[in-house]
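The following text walks through one protein chain, element by element. Please keep the coordinates open while reading.

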Amino acid sequence: MAELGSNSLVQADIASLLHPYTDARAHERNGPIVIERGKGIFVYDSNGTEYIEGLAGLWSVAVGFGEPRLVEAASRQMTKLSYYHTFSSKSHEPSIRLAEKLVELTPQNLTRVFFTSSGSEANDTVVKMVWYMNNALGRHQKKKFLARNKGYHGITVASGSLTGLPNNHRDFDLPAIAVRHLTCPHFYRFGQSGETEEEFSARLVAEAETVILEEGPETIAAFIGEPLMAAGGVMPPPKRYWQGIEALCRKYDILLVADEVINGFGRLGSSFGSVHYGFTPDIIVASKQLTSSYIPLAAIIFSEEIYNAIADNSAKIGTFGHGFTASGHPVATAVGLENLAIIEERDLVGNAARVGKVLQDKLLAFSDHPLVGEVRGAGLIAGIELVADKASRTPFSPIGRVGAAAFSAGHEHGLIVRAIGDTIALCPPLIITESEVDELVSRLEKVLDTTASRLGSLQLS
Ligand SMILES: Cc1ncc(COP(=O)(O)O)c(C=O)c1O
C-alpha cells in the first residue's frame, strides 16, 4: 500500500475518486495501491513493488500487459480514423472485419454481431433485443428471464437484475426486470448428501422446469448463464447440467444465452465455455479477453432467427432504436482484431489447456492445506475455497474476513488475487508459462500460510 501523506497521487485519489467495489470509508483510511506499469503477467505499483497479476486485471488481460502489437494497432487506427459510428448504415473496416471474425470463431448457428463497450451494456442489449424480438413475433407476454444465484452479468439496470449477488441488488432497487434466480449449480455447496453430480444436475433442471411451469412457458423469454460461473466464486457446472438446461430451453422455446464475458476466447482451454461444456447457445455475449481489456469492447453474437425478427421489426418501425455512440468504436474493434490474431498465432487457447492443466494439478495439491475446502476450475481459471472445517465444509463466520486477509497477504507476497467471500480466485493471463505458474503457486503457498497464521486475530465466531 502506498504511504499515506507521502504521495500526492494517493491524497488526490482519496480526495476525488469513488472506487467501484470498494468500502469508501475504509479506502479513505487506507488509500489505494497505485499501479503504474505492467509487463507480461506482472504489474508494478508506484513504490516499485512487483506483483503477479493473478487475476489478469479483471479476468481479462489475455495477452499480458504491455503488448506492443495492441499499442500499434490502436495507434494505426487512431491515426487513420480515430472515431466513427455505426448508426444509420455508416460503417468502417475494423468493425466489419471483427464482426466477420466473431461469426467465424463462434458456433455455426451464430451469424450476426452487435457491439457495445462493456459486458453490462451487452447484457442490457440482450434483454432489449429479446423483448423487441418477442414483441415483433407477437409474443408480448414472453419477456421473463431465468438466471442463477451467484451468476454475474453486470451492474446496469437490466444486467444487474440478472446478476444473482446480494450486494449488486441491495439498496440499488434491483432486480428491476422480471427475472427468476435459480439455485446456483455448485455441487460442493449445494449438492445434497448422497447425491451424485448428475443427480444434482437433474434436480436443478427439474427445479428450472417447475419454475417455467409455475410462471407459464409463454412468459419465459430466455435463460442466461455463464458456462463456468466466474465472479460469483469460480464454479464449474456439474456434469450434464448444461445438456439438461439446453433440452429444457428447446422444449419450451426459451432462448439460451451464454454469458462468455470471462469464459470466451480460451479461458477454459477451449474456444468458448459453451464449446467446452458441449452446448449450443442462441446468443453468446463476449468482452474482456476480446481486446485483453486494453480498450473497452463487448460483442453479442446471435442467431439468424433473432436477427430476422429484429430486422423485420426495424423495417416495420423504420429503425432499430438502440445503439451506443461507441457501438463498434473503430479503435476498439481494431485492437480486438489484433488481439484475436495474437491469441490465434500464439495458440493461447492451447496454452490455456496445457499450462492450465499444470496450474490445476498444482492447486489441487493444496487440498491438504488446513484452510482449503475445495479447489476447482478449468483451464486458466481456478477457485480455492477456504473453510473453517474441512470435513463438514463449514464456512468461516463471518464469511469474507478470511478471504480479505488472504487478499491482503497476496499483496505482501507479490500476488494479486480476487477474494470472493472466502474463495480465492485465480485467472492469470493466457500467456503464462509453466515456470511462471511455479512462481505463482509458490507465492500462493505463502499467502495461504500467512493467512492461516493470522486466523486468531480475525475475530471469527
Ligand atoms: C460474465 C460477466 N458478464 C458481464 C460482466 C459485466 O461486464 P462489465 O464489467 O464490462 O460491464 C462481467 C464482468 O465481470 C462478467 O464477468
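Aspartate 347 sits in the loop between helix H14 (330-345) and helix H15 (348-364); helices (H or I, at least four residues) and strands (E, at least two) are DSSP runs, numbered from the N terminus. The model is a predicted one, in which local features need pLDDT of at least 70 and side-chain atom pairs count only at pLDDT 80 or more, while totals for chains, interfaces and linings use all residues. Residues are numbered from 1 along each chain as its sequence is written, and side-chain values use heavy atoms, with hydrogens and water left out.

Aspartate 347 has a positive phi of about 45° although it is not a glycine. Its relative accessibility is 37%, so it counts as partly exposed; buried means under 20% relative accessible area, exposed over 50%, and partly exposed in between (1.4 Å probe, protein chains only). Phenylalanine 265 also has a positive phi without being a glycine, here near 65°. This phenylalanine 265 lies in the loop between S8 and helix H12 (273-277), and because its relative accessibility is 4%, phenylalanine 265 counts as buried. Most residues other than glycine have a negative phi, and most peptide bonds are trans. Two peptide bonds to note here are cis. One runs from leucine 174 to proline 175, with omega near 0°, and proline 175 is in the loop between helix H8 (166-169) and S6. Another runs from serine 397 to proline 398, with omega near -5°; proline 398 belongs to the loop between strand S12 (381-386) and helix H16 (401-412).

Turn next to the sheets. Strands of a sheet pair through backbone hydrogen bonds, either parallel or antiparallel. In the terms used here, two strands pair if DSSP finds at least two bridges between them. An open sheet of seven strands has the order S4-S10-S9-S8-S7-S5-S6, with mixed pairing. From one strand to the next the twist averages 20°; axes are lines fitted to C-alpha atoms, for helices over the stretch in contact, and angles run from 0 to 180 degrees between N-to-C directions.

Strand S9 is joined to S10 by four bridges in the antiparallel sense, and alanine 286 has alanine 299 in S10 as its bridge partner. On the other pairing, S8 and S9 are parallel over three bridges, and alanine 258 stands opposite isoleucine 284 in S9. In a regular strand the side chains alternate between the two faces of the sheet. In strand S9 (residues 283-286), Ile283 and Val285 point one way and Ile284 and Ala286 the other way, and all are buried.

A separate set of four strands forms an open sheet in the order S1-S2-S3-S13, again with mixed pairing. Strand S1 (35-39) and strand S13 (415-416) are its edges, each pairing on one side only. S2 and strand S3 (residues 50-53) pair antiparallel over three bridges, and phenylalanine 42 has isoleucine 52 in S3 as its bridge partner. Helix H17 (residues 434-453) packs on this sheet, touching S2, S3 and S13, and its direction makes about 105° with that of S3.

Phenylalanine 42 belongs to strand S2 (residues 42-45). Is phenylalanine 42 buried or exposed? Its relative accessible area is 17%, so phenylalanine 42 is buried. Leaving aside neighbours within four places in sequence, its contacts are Glu50, Tyr51, Ile52, Phe65, Glu436 and Arg443.

Technical notes:
Contact = heavy atoms within 4.5 Å.
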